[in-house]
Amino acid sequence: MTQAVRALPGPLGPAPARCLALCLVSTAATGAGLLLPAALGHTLDLLLTRDPATRWVLYCTAIIVLLALLDACETVLGGTVDARTTAWLRRRLTGHVLAVGPRAAARFGPGDLVARLVGNAAQAGTAPTARAALLAALAGPVGGVVALALIDPWLAAVLLAGAPVLALLLRAFARDTRDCVARYQKAQGRIAQALSEAVRGHRTIEAAGTADRETARILRPLPELSEAGHRMWRVQGRAAGRSVAVAPLLQLGIVAVAGVLLARHRLTVGEVLAASRYAVLATGIGVLVGQLAGLARARAAAGRLHEVLTEPAPGYGDLALPPGPGRLELRGVTARRGGRAVLDGVDLVVPGGTTLAVVGRSGTGKSLLAAIAGRLAEPDAGEVLLDGVPLRDLTHDALRRAIGYAFERPALLGGTIEEEIALALPTPSPARVRAAARTAHADDFVRRLPQAYATPVADAPHSGGESQRLGLARAFAHAGRLLILDDALSSLDTVTETRITTALIANGAHEGTRLLIAHRPATAARADAVAWLDGGRVRAVGRHAELWQLPAYRAVFGVGEQP
């Protein structure tokens, strides 16, 4: 792996044995390539002196066949290692992004995350192969210098005289390429993020007739992308051009010195032939330029993956929940977003087995409170307890078994309807799924689908309200100790909402504690108590009928005067 890939947390990769085998095969191929000029030179000397050369001809043939076999093995191993490393990086990145949660998308953006997962992971996955190829490419010049020294030290001295120039060229190329690749990949990420935003808002764009303006916005980083790409080619072309100017001069110098040594009978014709081949190997900067370019792309991509993987994921404790009714308590919870305290020192207690509706004007932090209550988000200060145990001290499985969620826009992830409703169940039960669907009033429209509960979500047309009912059915099937409905009734008609909340609260469809984000007075009225958020704090807690006497409370629902 490259230094950047080694910096990623965790093990070095998915197949260290294959990486080692790739390095050995590459090195063996380089060694065979270094043996061939010497064997050819010795064979030529034997033929010129009319000595028996059959054995050496066979040796040369065997080396050529070995080189072909090693090249084939290197190709197969390189492709396998690239694919396995890429898959390993994608699994690690996906798992980490899901563990970090919404904070990852908030920092990097969904489009940029997809670009890193798809494009950058594939580029970083070539790091083991690029490193093995670079080692082999470096072994060629080193072996060439040693071979020249063994033929005659003067030949190696000529090469070493120009070696500092070659080293400076390679160093400048590596530095410039790294910067260009980093800029190129960042521009790609910005384009991907803008495209993702446009796809999510395609209806708004179509309705506003701003498709051309959005196209221009998406492609705004294109000139920077083009400039970075052209600069990469210029850097590589400049390095190749300089190497073309320097390397042939060194090769000519070595051949000229070899000719002088031949004239003085210090070298044979075969040794001159070998020296000319070793001069090409020793000055093979063109191969090094290509390998360094590949390695620079892999390192830059690995650096972008490293940025995501260093985003801290929430830690979990080792405690299980004791028996209890599901008492939820928020103590001094403060949460800041964009430098503003959305929640400021919130203290709130929801007795076990009761229903609390949270109301407030838009932007008062209702959804953030719902996320913190189930540890989908972390508070900047304070803590949340469930039956006396801080949520951060619970194991991951204990936490997720205890708390169920339903959202305004539930994510339907592509399975069948039954699989989507049973998503959080460790052992899915068809009877439990259907009972939850009936409670959410989703059973009727699901049964009308072509394959009923076995219908794939992608083949099941459903409105926003029907999607919400499927999300509610999933939450009801979960049957945890705490159920949080984050605006999960907003797309339902009034009659359906009334039926669902009645079944949920009055008829005991869920026996634990219920936290509802409410926007309608009727929903708040059916709760056991209402928490009124205002200015980042809990302004009041009480029965809806009692709070309704306050004009400011009625104004939350857009009602100016008491009816």
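Analyst: Let's start with the lining: by class, the largest pocket has 24 nonpolar, seven polar and twelve charged residues around it. Here Ala, Val, Leu, Ile, Met, Phe, Trp, Tyr, Cys and Pro count as nonpolar, Asp, Glu, Lys and Arg as charged, and the others, Gly among them, as polar. Keep in mind that this is a predicted model, where local features need pLDDT of at least 70, side-chain atom pairs count only at pLDDT 80 or more, and totals for chains, interfaces and linings use all residues. Residues are numbered from 1 along each chain as its sequence is written, and side-chain values use heavy atoms, with hydrogens and water left out.

User: Which residues lie nearest the centre of the largest pocket?

Analyst: In general, rolling a probe the size of a water molecule over the atoms shows where empty space is left. A pocket is an open set of points on a 1 Å grid over the protein atoms alone, where a 1.4 Å probe fits, with protein on both sides within 12 Å along at least five of seven lines; lining residues have an atom within 4 Å of a point. In this model, Arg-375, Leu-376, Arg-400, Tyr-405 and Phe-407 lie nearest the centre, out of 43 lining residues.

User: Which strand or helix gives the most to that lining?

Analyst: That's β6, with five residues. Strands are DSSP runs (E, at least two residues), as are helices (H or I, at least four), numbered from the N terminus.

User: And how do α16 and α18 lie to each other?

Analyst: Axes are lines fitted to C-alpha atoms, for helices over the stretch in contact, and angles run from 0 to 180 degrees between N-to-C directions. The axes of α16 (residues 430–439) and α18 come within 8 Å and cross at roughly 125°. The two helices are therefore oblique to each other: angles under 35 degrees count as roughly parallel, over 145 as roughly antiparallel, 65 to 115 as roughly perpendicular and the rest as oblique.
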